[in-house]
Amino acid sequence: MNFKTCKQKSNKKLLKASIIAIVAVVLVISSVTPTFAITYRPKSELINRFISLCNQHSEASYEVIGKSYQGRSICIFKIGNPNAPAVMWDGSMHGWEDLGSETMYHLTKWLLESNDPEANRILQRNYVLFIPIVNMDSSERQNKNYEYSRYGVDLNRNFKYGWRYSSSKSDYPNTYHGDYAASEPETQAVRAAMAKFRPVFYVNTHTGGSYLSYDQNGNMNKVNAFLSLYSQLARDFGVSKYSVSGGRAGNGLAHGDAKEFGGTGFLFEMASSSGAYRHTSPTLSQIENYYFPKCKPILIAMCQASEGKEVSTSVSTTTSSSETTQSESNTYSSGQSSSTTSTSTSSSEDRQADDDQDSYSRYRYYRYRTYYRYRRSRYNYYRWRR
Ligand SMILES: [Zn+2]
C-alpha cells in the first residue's frame with residue numbers, strides 16, 4: 001500500500017465519521033426540541049391539571065360523562081353549587097382548537113383560588129360545568145372514527161338538531177357529519193351531560209372567528225339579560241367585547257341541541273384563524289393575559305343571567321387597572337338589548353375561516369346570487385339586442 005491510497009482511506013474514514021456525527025447531532029436536537037413552536041399542553045396533562053385543581057377544593061368535583069371513540073375518558077368539572085342553575089362550556093370539540101380548554105383552566109383557577117367576591121358569589125349561587133376537552137383522541141379537527149369516512153367525523157356536525165343525511169357527506173374532508181345523528185360517543189357524552197345537568201346556557205368553543213353567536217330559537221329573555229350584563233361588565237372590566245349576534249342553529253351543530261334540554265346554546269368562536277388556531281399562537285401567557293380577562297365577563301354575565309338576574313342594579317367590580325373598585329348603578333330593562341347586540345358584525349373572512357356557521361344558509365345565498373347574476377346578464381343581453 002503506497003502513501004497516497006493510505007491517505008485516501010483515512011480521508012474516507014474521516015468523512016464517514018463526520019457524517020455519522022452530524023446525523024447523530026440532528027437526531028438528538030430533533031428529539032429534544034420537537035415542540036418549540038407549539039404552545040399548547042398535551043390533552044392528558046391539561047386534564048390532570050384540572051383534576052388536581054379540583055382535588056384541592058371542596059367546591060369542585062368531576063366525573064366521567066362518557067368515553068371517546070378510542071376509549072379515553074371525557075371529564076366534566078363541576079364547580080359551585082349543585083342546586084343552582086347550571087352554565088356549561090366545552091372545548092376542543094375540534095381536536096386542534098384548544099384555546100377554549102386552556103381558557104377554562106384559567107377561569108377554574110379564578111373561581112377557586114382568586115377569592116374575588118364575584119368568584120365567591122358564583123361558587124355560592126351558580127353551578128359552572130366545564131368539559132375542557134371533548135375530542136380526547138385527536139389533535140386534528142375530527143374524531144378518530146374512520147369507519148365511514150377516511151377523514152373521521154366532525155363532531156360539530158354530528159348533533160341531532162337539524163342533522164340531515166344529505167349534508168356533509170363522507171367525502172367532505174372537514175365536515176363529515178357521521179353515519180346518523182349523534183352517532184359518535186363524544187357527541188353522546190356531551191348530550192348526556194346536557195340531559196343530566198340541563199344547563200341554562202351551553203357554550204361550544206372554537207377558534208375559527210371572533211364572535212359569539214346565540215341560538216335565536218333559545219330563551220330570548222335569558223339571552224337579552226345576558227347581553228345587557230355582558231355589555232355592562234365588559235365596560236366595567238375595560239375589556240373589548242366580542243361581537244354578539246343571533247343565528248339559526250342546526251345542521252348538526254352542537255349548540256343547537258341545548259334547546260332540547262331546556263337551555264340556550266352559544267357558538268363561541270374565540271379567535272380567528274390568524275390567532276389561536278391549530279395549537280399555534282398565542283402562547284400560554286397570552287391566553288392568561290388576554291383571552292382569560294376577555295372571557296371572564298362572559299362567564300359572569302351568563303351566571304348572573306342564568307339565576308334570573310335580568311335587571312342589573314349594582315355591580316361591584318375591580319377595573320382592569322386594578323387600582324380602584326367601582327360600584328356602578330345602572331338600570332337595564334330586559335328588552336333593551338338591541339343597542340348592545342351587534343348583528344353579524346364579524347368579518348366575512350372570519351366567517352369563512354372555519355365553517356362552524358350554518359353552511360346551508362351560505363349555500364342558499366350563493367345559489368341565489370348565481371341565479372340573480374344569470375338573470376341580470378340575460379336581461380342586459382336582450383336589452384342590448386332590442
Ligand atoms: Zn371549530
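**Sheet, strand and helices**

Modeller: Let's start with a pair of strands: β3 (residues 86-90) and β4 (residues 127-131) run parallel and are joined by 5 bridges. Strands here are DSSP E runs of at least two residues, helices are H or I runs of at least four, and both are numbered from the N terminus. Strands count as paired if DSSP finds at least two bridges between them. Before you ask, this is a predicted model: local features need pLDDT of at least 70, side-chain atom pairs count only at pLDDT 80 or more, and totals for chains, interfaces and linings use all residues. Residues are numbered from 1 along each chain as its sequence is written.

Biologist: Which residue in β4 does V87 stand opposite?

Modeller: We're still in the parallel pairing of β3 with β4. The residue facing V87 across it is V128.

Biologist: In what order do the 8 strands form the sheet?

Modeller: The sheet is open, with mixed pairing. β1 (60-67) and β7 (243-247) each have a single partner strand, so they stand at the edges with one side left without a neighbour. The order is β1-β2-β4-β3-β5-β8-β6-β7.

Biologist: How many residues of β5 are buried?

Modeller: Buried means 20 or more other C-beta atoms, placed from the backbone, within 10 Å of a residue's own; 12 or fewer is exposed, and in between is partly exposed. In a regular strand the side chains alternate between the two faces of the sheet. In β5, F201, V203 and T205 point one way and Y202, N204 and H206 the other, and all are buried. The count is 6 of 6.

Biologist: Which residue in β8 stands opposite N204?

Modeller: N204 lies in β5, and β5 pairs with β8 (residues 264-269) in the parallel sense over 6 bridges. N204 is buried, because 31 other C-beta atoms lie within 10 Å. Among the residues N204 touches are D90, M93, A254 and L267, where contact means C-beta atoms, placed from the backbone, within 7 Å. Its opposite in β8 is L267.

Biologist: What distance separates the C-alpha atoms of N204 and G91?

Modeller: Along the chain, N204 and G91 are 113 residues apart.

Biologist: What angle does helix α5 make with β1?

Modeller: α5 (residues 185-197) packs on the sheet, touching β1, β2 (73-80), β3, β4 and β5 (201-206). Its buried residues include E186, A189, A193 and F197, and the cover over them includes those β1, β2, β3, β4 and β5 strands. Axes are lines fitted to C-alpha atoms, for helices over the stretch in contact, and angles run from 0 to 180 degrees between N-to-C directions. On that basis, α5 to β1 is about 135°.

Biologist: Which strands does α7 lie across?

Modeller: α7 covers residues 284-306 and runs at about 145° to β3. The strands are β3, β4 and β5.

How values were computed:
Contact = placed C-beta atoms within 7 Å. Lists of a residue's contacts leave out its neighbours within four places in sequence.
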